[in-house]
Amino acid sequence: EIPLRLVGSEMCIRDRDKGARRINFNKIAKKPFIAVKKRHFIRTIVDRVFQKEGIIPNILTEVDSSYDAVQLAACGMGYTIVPQRTVIILGDKQNGTSFSYSDHPPVFPIQALYKKGTYLNKAEKYLIELLKKEFDGKGK
């Protein structure tokens, strides 16, 4: 499981009690939102976040990947919500524009599904083991 992060600029407020940067959804409700297209599972999760907050996002554009969304948001075009892993992979290019928006943000589940008994080649097995180690640390 990977927590979600909000990436954008000018929308951050400081939670002085906890010292963590938090987002006030009411302040960003009308700002441009950079969405990942609906065919991606992350979009379903993000739509649930907005529904829970009672916000209808002002969608500026829909892009094909979380990486594109982060890069556009980091450039100041709006904000987006993506898996934390996307922000980590892109490194420090966001210049401190990644924020938390909840003490318990939803998580993005990572799954590798295959039918038992199905042939998996060496590369596929290796990839599954890497994913297990990276995302749950257990290597089950």
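**Close-up views of the predicted model**

**View 1. Phe33 is a buried residue of strand 4.** With a relative accessibility of 3%, Phe33 counts as buried; this word denotes under 20% relative accessible area, exposed denotes over 50%, and partly exposed lies in between (1.4 Å probe, protein chains only). The model is predicted: local features need pLDDT of at least 70, side-chain atom pairs count only at pLDDT 80 or more, and totals for chains, interfaces and linings use all residues. Residues are numbered from 1 along each chain as its sequence is written, and side-chain values use heavy atoms, with hydrogens and water left out.

**View 2. Phe33, Phe50 and Tyr79 form one aromatic cluster.** The structure contains 3 aromatic pairs (rings of Phe, Tyr and Trp, the last by its six-membered ring, with centres within 6.5 Å; planes under 30 degrees apart are stacked, over 60 edge-to-face, and the rest tilted). One of them joins Phe33 and Phe50 edge-to-face, at 4.9 Å centre to centre and 85 degrees between the planes. Because Phe33 belongs to strand 4 and Phe50 to helix 2, this pair ties together parts that are 17 residues apart in sequence. Helices (H or I, at least four residues) and strands (E, at least two) are DSSP runs, numbered from the N terminus. Phe50, at 2% relative accessibility, counts as buried. The pair of Phe33 and Tyr79 is tilted, because the ring centres are 5.1 Å apart and the planes stand at 55 degrees. This pair links distant parts of the chain, 46 residues apart: Phe33 lies in strand 4, and Tyr79 in the loop between helix 3 and strand 6. At 0% relative accessibility, Tyr79 counts as buried.

**View 3. The largest nonpolar core has 27 residues.** Such a core is a set of buried Ala, Val, Leu, Ile, Met, Phe, Trp, Tyr and Cys residues joined through side-chain atoms within 4.5 Å. Leu6, Phe25, Phe33, Phe50 and Ile81 touch the most other members. At least two core residues come from each of strand 1 (2–7), helix 1 (25–28), strand 4 (32–36), helix 2 (41–53), helix 3 (66–74), strand 6 (80–83) and helix 4 (84–90). Helix 2 provides the largest share, 5 residues. In soluble globular proteins, nonpolar side chains tend to be buried together.

View 4. After helix 3 comes Gly76, with a positive phi near 95 degrees.

**View 5. The structure holds 1 cavity of 30 Å³ or more.** A cavity is a set of points, on a 1 Å grid over the protein atoms alone, where a 1.4 Å probe fits but cannot get out; lining residues have an atom within 4 Å of a point. Grid points are joined across faces, edges and corners, and a volume is the space filled by probe spheres set on the points. The volume of the largest cavity is about 40 Å³. Its lining consists of Phe33, Ile34, Ala35, Val36, Ile42, Arg43, Val46, Thr80 and Ile81. Strand 4 contributes the largest share of this lining, 4 residues.

**View 6. Lys38 lies in the loop between strand 4 and helix 2.** At 60% relative accessibility, Lys38 counts as exposed. The C-alpha atoms of Lys38 and Glu62 are separated by 8.5 Å, although the two residues are 24 residues apart along the chain.

Key: On a 1 Å grid over the protein atoms alone, a cavity is a set of points where a 1.4 Å probe fits but cannot get out, and a pocket is an open set with protein on both sides within 12 Å along at least five of seven lines; lining residues have an atom within 4 Å of a point.
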